[in-house]
Amino acid sequence: MNTTVEQRLFGPAAQAAYQSSLESLRALESLLSFYQKASEVSLINRNAGKAPVRVSRETMQVLEEAQRIAALSRGAFSIMLAPLIQLWRKAGISDVLPTPREIDRAKALCKRENLILDAAGYTAFLTQKGSLLDLGGIAKGFAADSCCELYNDKGVTSAFINLGGNVKTLGSRPDGTSWTVGLQHPDRPRGNCFAALECSNHSVVSAGAYERYKDIQGARYHHILDGRTGMPAESGLKSVTVTAASSLQADALSTAAFVLGLEEGIELIYRSEATGAVFMTAADKVYVTKGIRPQLKLFEPLPCYQV
């Protein structure tokens, strides 16, 4: 999945569960990858505007949940943004900003309604030629959930998996204490955390403008796009961390909340199935939803508000 995967498993069945998890990750990548030509996602993309494609139960599950969260977030999260992503990637290479006309053309291909799902028949259809699916904002979360289900089936009761920042835990640490997940400081080198969250049987996923960006014509543009505007999101936030029982949901909701900004992001978290969220604003103020305030430990004297 083009990322580093860290796993910590404890117990007599740990080694067997680890080997099975590697097989599961490879199998999911072969279904969900945007870049593997034989994947189901690539097959759907190649048949855009032509015909529906039959898909596996796993792919349908991801697509249905992605569309549900897209609707819940009023388009702040989307798996349909690949045409816009490609447009901005080209801009980063050429050092020329996309024109409003180019952005509008790409946006027309990114509409949520361009994807039609038949859950009963297990088919997915992109109705517009040029539309593209990209599950990069949700697939790692689904993979983390799948691995934890596998751990549980194998009898592992204490585990931790980190798929490129998508963290999910099973049970508690072997000594009975909660797992602790650090929250990256957006303005500092990787590994510098401004806070940590305690969690058991939960996922913790962060989204932020600090992850990837390009300098174009003297200005910096980050990689999290707002499909509603076609531009990198300007929400007044530096990062959002979401914790939820489902890593898939935490993955998608962290991106959506970042795009929406503080007030609408908080509203989304409370409307969703997430347990809670931590927001850092451009003014270096921290806002945490009330349900998880006891699990948050700040490492710096930042202004912190419960919402």
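**Salt bridges in the predicted model**

Tutor: In this predicted model, Asp226 and Arg228 are joined by a salt bridge whose closest N and O atoms lie 3.0 Å apart. Asp226 has a relative accessibility of 7% and therefore counts as buried, since the limit for that class is under 20%.

The structure holds 10 salt bridges. Another of these is formed by Glu267 and Arg74, whose side chains meet at 3.8 Å, N to O. This pair links distant parts of the chain, 193 residues apart: Glu267 belongs to helix 8 (residues 262-271), while Arg74 is placed in the loop between helix 3 and helix 4 (82-94). Glu267 is partly exposed, with a relative accessibility of 37%. Glu267 and Arg74 also belong to a network of salt bridges that includes Arg271.

A further salt bridge is that of Glu300 with Arg188, where the closest N and O atoms are 2.3 Å apart. Here too, distant parts of the chain are linked, the two residues being 112 residues apart. Glu300 is in the loop between strand 17 (296-298) and strand 18 (304-306), and Arg188 is in the loop between strand 7 (179-184) and strand 8 (193-199). The relative accessible area of Glu300 is 18%, so this residue is buried, because buried means under 20%. Arg188, by contrast, is partly exposed, with a relative accessible area of 40%.

Definitions and conventions
Residues are numbered from 1 along each chain as its sequence is written. This is a predicted model: local features need pLDDT of at least 70, side-chain atom pairs count only at pLDDT 80 or more; totals for chains, interfaces and linings use all residues. Side-chain values use heavy atoms; hydrogens and water are left out. A salt bridge is a side-chain nitrogen of Lys or Arg within 4 Å of a carboxyl oxygen of Asp or Glu. Helices (H or I, at least four residues) and strands (E, at least two) are DSSP runs, numbered from the N terminus. Buried means under 20% relative accessible area, exposed over 50%, partly exposed in between (1.4 Å probe, protein chains only).
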